Amino acid sequence: MRADLKIIQQWIEPDMRVLDLGCGDGSFLAHLKSEKNIFDCGLEIDPDNINLCLQAGVNVIEQDMNKSLANFRSDSFDTVLLAQTLQTVERPDILVEEMLRIGKKCIITFPNFAYWRHRLKLVSQGNMPQSSALPYEWYDTPNIHHCTIKDFDTLCEERNITILHKTVVDFNHRSSFLMNLNPNLFGINAIYHFTR
Amino acid sequence: MAKRIPADSVGIVSPELFHFDEPLELRSGRVIEQYDLMVETYGELNADKSNAILVCHALSGDHHAAGYHNPDDEKEKPGWWDCCIGPGKAFDTNHFFIVSLNNLGGCAGSTGPSSVDPATGKPFGPDFPIITVRDWVKSQARLADRLGIHKWAAVIGGSLGGMQVMRWAISYPDRLGHAIIIAAAPKLSAQNIAFNEIARQSITNDPDFHAGRYYDFNTYPKRGLMLARMIGHVTYLSDNAMRDKFGKDAIEGNFGRDLRSGKLNFSYDVDFQVESYLKYKGETFSHSFDANSYLLITKTLDYFDPAVDYNFDLSKAFLDSQCKFLVISFTSDWRFPPERSREIVNTLLKAEKQVSYLEVEADQGHDAFLMPIPRYIQALKSYLGCVIEEISGKEAKPDAG
């Protein structure tokens with residue numbers, strides 16, 4: 001299982017209603033379903049992924065989260081999850097507000113743009129950063145709203161969002177001394193658990 | 001010589017007539033004292049009767065959903081949903097027992113307006129009561145009882161068939177495991193009703209209609225039925241589907257304007273392929289379908305609105321439903337476009353039901369639900385694959401169920 005998802009699952013309690021925005025092949029929801037008996041609902045737009053969700057017995061709705069989530073009622077889910085997708089959406093701030101409206105608690109993970117290797121690439125070489133977390137060329141990337149841990153902290157502060165947990169990990173889901181010392185510099189992936 | 005039958009076909013099938021003596025009280029308040037239902041089944045019912053799927057037909061469908069009737073007729077077309085039903089197909093007859101019936105009021109063997117009224121010895125004609133989707137589902141539940149099926153593994157239908165699926169989830173919330181609703185709508189719009197009314201007017205204004213008693217005159221409203229079907233057929237296709245179908249002449253920007261005889265006639269006869277096609281379709285249909293049944297079933301469509309009993313909040317109708325839902329729409333369907341399916345999905349979300357939804361890119365219009373569109377068929381296969389696992393899981397545990 002992907003590093004960020006391993007951490008997230010600790011925050012999902014049995015029988016919760018979980019909405020996964022951009023649920024991919026549905027494997028994470030399927031895992032939560034078998035382990036924690038959650039009520040699952042995934043949003044996805046990729047036809048192949050949607051088919052994989054159906055194969056996995058995961059509830060999946062073909063819907064573009066960029067357009068609207070108005071069809072989801074306020075407080076209708078215990079947890080709303082957005083994993084590794086924040087940087088690809090049209091208006092991350094509006095999406096965060098919508099997640100807070102629909103879910104009692106929210107979880108967001110994203111690649112930290114301020115990771116030192118990214119910084120180094122930009123400062124020393126003058127190129128857009130690329131890494132295992134950001135493997136795309138600048139002209140062909142789904143990532144249109146990069147953000148850093150500091151940026152997300154600021155957003156939470158401005159919007160009166162209460163951060164329940166915040167952690168950074170590398171790809172092996174290790175948290176090192178350096179990461180804890182300066183997450184915005186040494187963290188590759190940021191994981192936030194928050195509410196209002 | 002016997003014809004060649006594809007390996008994934010259910011093969012030669014024969015329908016069976018079920019007679020019901022218990023009076024059926026209808027939504028209108030009227031009662032059908034006794035009735036017959038014409039039924040076809042494919043596959044085998046398992047020991048604990050947990051593998052049954054009910055297939056619900058649309059306006060012009062009937063019980064013959066798959067396979068062939070005649071072993072010698074080389075030209076015979078298979079049943080209307082043959083692309084989905086058979087060994088190894090989406091509704092896999094190696095695992096499922098599929099039940100398909102001709103609905104009450106139809107004209108393919110079940111009791112309907114063209115059946116003889118035992119009280120008079122004459123066809124019911126216009127005296128046959130208006131049947132609603134709710135009444136159909138009630139009669140289908142009695143068929144399930146007769147077959148010993150307490151709970152369907154799934155109830156599946158497209159268009160008007162999808163409305164029956166919704167009604168099953170509402171009327172018998174614990175008698176189906178899965179509800180698969182394809183190219184449907186929670187109720188008809190004014191535009192939908194308008195098309196139905198034009199179809200009805202075409203039939204009732206035909207001089208051969210004789211106020212619905214045409215059987216007594218040994219005739220039938222052929223022209224009216226033809227017109228009705230032609231109108232209907234256009235609404236089942238998309239603009240693009242028609243451009244493709246009637247635009248085989250390789251001229252760029254042809255728009256489906258292939259000529260019938262290669263030139264304009266400068267008369268009011270048929271000039272374009274589309275005209276002769278519609279005429280042919282209408283004519284074929286008029287031979288095989290009863291005009292009174294057509295009138296009745298268009299009314300059944302118009303009346304469908306399960307929200308009326310729930311203060312016009314459809315989500316309340318589904319509150320007791322215990323099944324999972326799969327809703328599928330097609331992008332070029334303008335009779336029941338994707339927005340209508342999304343209404344169903346949003347209603348189910350509001351009712352906190354388990355629902356999946358697919359919007360399949362397809363050019364074939366409303367008729368897409370009858371076509372072997374790869375993504376659509378694969379989705380049904382994937383979804384029903386899980387249903388097969390559920391059933392076999394249950395079978396493995398002897399104390400379950």
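**Reading the packing in chain B**

Tutor: α3(B) and α7(B) are roughly antiparallel to each other. Bear in mind that this is a predicted model.

Student: How is a pair of packed helices described?

Tutor: Two packed helices are described by the angle between their axes and the distance between the axes. Take helix α3 (residues 190-204) of chain B and helix α7 (residues 291-303) of chain B: the angle is about 160 degrees, and the axes are 10 Å apart. An angle over 145 degrees counts as roughly antiparallel.

Student: What is the handedness of the crossing where α3(B) passes α7(B)?

Tutor: That crossing is left-handed. On the α3(B) side, the contact is made by B:Ile193, B:Asn196, B:Ala199, B:Arg200 and B:Ile203. On the α7(B) side, B:Ala291, B:Tyr294, B:Leu295, B:Thr298, B:Leu301 and B:Asp302 take part. By class, this contact has 7 nonpolar, 2 polar and 2 charged residues.

Student: At what angle do α3(B) and α4(B) pack?

Tutor: The angle is about 160 degrees, with the axes 7 Å apart. That makes α3(B) roughly antiparallel to α4(B). Here the crossing is right-handed.

Student: Which residues of α3(B) meet α4(B)?

Tutor: B:Phe195, B:Ile198, B:Ala199, B:Ser202 and B:Ile203. Their counterparts in α4(B) are B:Gly224, B:Leu225, B:Leu227, B:Ala228, B:Ile231, B:Gly232 and B:Thr235. B:Ala199 and B:Ile203 of α3(B) are listed in the contact with α7(B) and in the one with α4(B).

Student: How do the axes of α4(B) and α6(B) cross?

Tutor: Helix α4 (residues 222-236) of chain B and helix α6 (residues 273-288) of chain B cross at roughly 125 degrees, and their axes come within 8 Å. That makes α4(B) oblique to α6(B). The crossing is right-handed. From α4(B), the contact takes in B:Lys222, B:Leu225, B:Met226, B:Leu227, B:Arg229, B:Met230 and B:His233. From α6(B) come B:Leu278, B:Lys281, B:Gly282, B:Glu283, B:Phe285 and B:Ser286. These residues divide into 6 nonpolar, 3 polar and 4 charged.

Student: Now strands. How do I read the two faces of one?

Tutor: In a regular strand the side chains alternate between the two faces of the sheet. Look at strand β13 (residues 324-330) of chain B, where 7 of 7 residues are buried. One side carries B:Lys324, B:Leu326, B:Ile328 and B:Phe330. The other carries B:Phe325, B:Val327 and B:Ser329. Both faces are covered.

Student: Which strand do 5 bridges join to β13(B), and in which sense, parallel or antiparallel?

Tutor: Strand β12 (residues 176-182) of chain B, in the parallel sense.

Student: Last, the interface. How many residues of chain B are in contact with chain A?

Tutor: 17 residues of chain B, against 13 residues of chain A. Elements giving two or more residues to the chain B side are α9 (338-350), β14 (355-360) and α10 (374-396). α10(B) gives the most, with 7 residues. By class, the chain B side has 8 nonpolar, 6 polar and 3 charged residues.

Methods. Residues numbered from 1 in each chain as written. Chains lettered and ligands numbered in written order. Predicted model: local features only at pLDDT ≥ 70, side-chain atom pairs only at ≥ 80, totals over all residues. Axes fitted to C-alpha atoms, helices over the stretch in contact; angles between N-to-C directions. Helix = DSSP H or I, 4+ residues; strand = E, 2+ residues; numbered from the N terminus. Parallel < 35°, antiparallel > 145°, perpendicular 65-115°, else oblique. Left-handed = near helix turned anticlockwise from the far one by under 90°. Contact = placed C-beta atoms within 7 Å. Nonpolar A, V, L, I, M, F, W, Y, C, P; charged D, E, K, R; others polar. Buried ≥ 20, exposed ≤ 12 C-beta atoms within 10 Å, placed from the backbone. Pairing = 2+ DSSP bridges.
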